[in-house]
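Open your viewer and get ready to show side chains.

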Amino acid sequence: MAYETSENFGMPELGEVEVVKLLVAGGFGVGKTTLVSTISEITPLRTEERLTDIGSAVDDLTGVEGKSTTTVALDFGRITLNPRVVLYLFGTPGQDRFWFMWRELSVGALGAVVLVDTRRMQDSFGAVDFFESRNIPFIVGVNCFDGAEIYDEDEIRNALDIGAHVPIQLCDVRHRDSVKLVLVRLVEHLMLQATTEITSHW
């Protein structure tokens with residue numbers, strides 16, 4: 001049965017699944033905290049600390065010089081799709097020195113959004129490699145920052161060296177409807193992956 005209300009993004013039920021754990025990953029300052037905050041139906045849990053002069057010695061602030069805080073553990077938000085399905089969103093920290101948290105956060109995750117800033121495409125390579133190496137399905141969300149050059153899908157796919165099966169969705173994580181589209185693409189991708197796996201076993 002398909003639901004058409006704005007509360008569940010018009011997506012179908014996901015069988016017996018009640019809680020779906022999803023990750024939001026990407027480079028430092030790409031918009032992960034903003035995405036979770038924009039879409040969460042609850043006040044999101046944040047673990048942000050102010051950037052310090054000491055931290056600047058190890059954190060690359062190129063392209064995000066105006067950023068004053070950073071996620072040091074996780075962001076957490078929740079979205080209820082319907083009475084039986086709830087999405088739990090976990091935003092990962094962006095700096096390399098907090099990558100040990102990624103392993104913990106990925107336990108039980110069904111899929112992920114890799115956020116990309118086209119001005120700093122290389123910052124997303126690590127996230128792509130992380131999910132590919134663990135066979136965690138993901139899509140790419142291209143966060144369209146003001147003033148950033150717009151690239152077509154093939155250019156982004158080639159730059160990230162990802163296969164044709166990985167969906168790419170342009171977005172502005174400051175806007176709820178835009179974030180909805182990203183999550184719809186991710187859930188549809190997960191459902192397709194699950195269907196393909198079931199079919200392959202017949």
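Six aromatic pairs are found in this structure; rings of Phe, Tyr and Trp (its six-membered ring) pair if their centres lie within 6.5 Å, with planes under 30 degrees apart counted as stacked, over 60 as edge-to-face and the rest as tilted. Start by selecting Phe76 and Tyr88, an edge-to-face pair with 5.3 Å centre to centre and 75° between the planes. This pair links distant parts of the chain, twelve residues apart: Phe76 belongs to strand β3 (residues 69-82) and Tyr88 to strand β4 (residues 85-91). Strands here are DSSP runs of E, at least two residues, numbered from the N terminus. Colour by accessibility and you will find Phe76 buried, at a relative accessible area of 16%, while Tyr88 is partly exposed at 28%. Buried means under 20% relative accessible area, exposed over 50% and partly exposed in between (1.4 Å probe, protein chains only).

The model is predicted: local features need pLDDT of at least 70 and side-chain atom pairs count only at pLDDT 80 or more, while totals for chains, interfaces and linings use all residues. Residues are numbered from 1 along each chain as its sequence is written, and side-chain values use heavy atoms, leaving out hydrogens and water.

Next, select Phe131 and Phe138: their ring centres are 6.3 Å apart and their planes at 35°, so this pair is tilted. Both residues, Phe131 and Phe138, are buried.

Finally, pick Lys21, whose charged end sits over the ring of Phe90, 4.9 Å from its centre.

Terms used. Helices (H or I, at least four residues) and strands (E, at least two) are DSSP runs, numbered from the N terminus. A charge sits over a ring if NZ of Lys or CZ of Arg is within 6 Å of the ring centre and within 35 degrees of the ring normal.
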